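Work through the exercises below with the sequence and the 3D structure at hand. Try each task before reading its solution.

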Amino acid sequence: MPDHTAADHEDVPAPKLPVTLDMPGKVADFLRTVELEPAERAVLDHGVTVRRGQGYTLRVTAAPAMHRRLLARCQPLDGAQGVPALPAQRKARREYENRVSTVVPLAP
């Protein structure tokens, strides 16, 4: 049996395993109204709704890169591009951004 060391696998990136994050309902509702790619739509469709007080969260399991793509899609919730945003929507997007950033460092 040949000897293998950790140095043998330094060049190989670790596989991006799916992670489960709770997406605020306001973010999920917004994403359902915009045009998404089929893979993004499938991720939302497979999410599990969890009731939280008056609202809900969507428990989404996806690769970290997919969470980043979904987060990028909900940029208009921040009021960007001249579109007015409600404070609750901005807060929901920030909460999802914080959850995503714990898994995937955000680019500056």
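**Exercise 1.** Find where E37 lies and decide whether E37 is buried, partly exposed or exposed.

Solution. Step 1: E37 sits in the loop between helix 1 and helix 2; helices (H or I, at least four residues) and strands (E, at least two) are DSSP runs, numbered from the N terminus. Residues are numbered from 1 along each chain as its sequence is written. The model is predicted, so local features need pLDDT of at least 70 and side-chain atom pairs count only at pLDDT 80 or more, while totals for chains, interfaces and linings use all residues; side-chain values use heavy atoms, with hydrogens and water left out.

Step 1: Buried means under 20% relative accessible area, exposed over 50%, and partly exposed in between (1.4 Å probe, protein chains only). E37 has 40% relative accessibility, so it counts as partly exposed.

Step 2: Setting aside neighbours within four places in sequence, E37 is in contact with R69 and R73, where contact means heavy atoms within 4.5 Å.

**Exercise 2.** Check the length of helix 4 and describe its two sides.

Solution. Step 1: The expected span of a helix is 1.5 Å times one less than its number of residues.

Step 1: The buried residues of helix 4 are A92, R93, Y96 and V100. Seen down the helix axis, they fall within an arc of 95 degrees (taken from the directions from the axis to the C-beta atoms), so they line one face of helix 4.

Step 2: The face turned away from the buried side carries the exposed residues P87 and T102.

Step 3: The cover over the buried residues of helix 4 includes strand 1 (19–24), helix 1 (25–33) and helix 3 (64–73).

**Exercise 3.** Which residues does H67 contact, leaving aside its neighbours within four places in sequence?

Solution. Step 1: H67 belongs to helix 3. Its relative accessibility is 1%, so H67 counts as buried.

Step 1: With those neighbours left aside, H67 touches V19, L21, V60, A62, Y96 and V100.

**Exercise 4.** Describe how strand 2 and strand 3 pair.

Solution. Step 1: Strand 2 (residues 48–52) and strand 3 (residues 55–62) pair in the antiparallel sense over five bridges; pairing requires that DSSP finds at least two bridges.

Step 1: V48 stands opposite R59 in strand 3.

Step 2: The two strands form a hairpin with two residues between them, and G53 in the turn has a positive phi of about 55 degrees.
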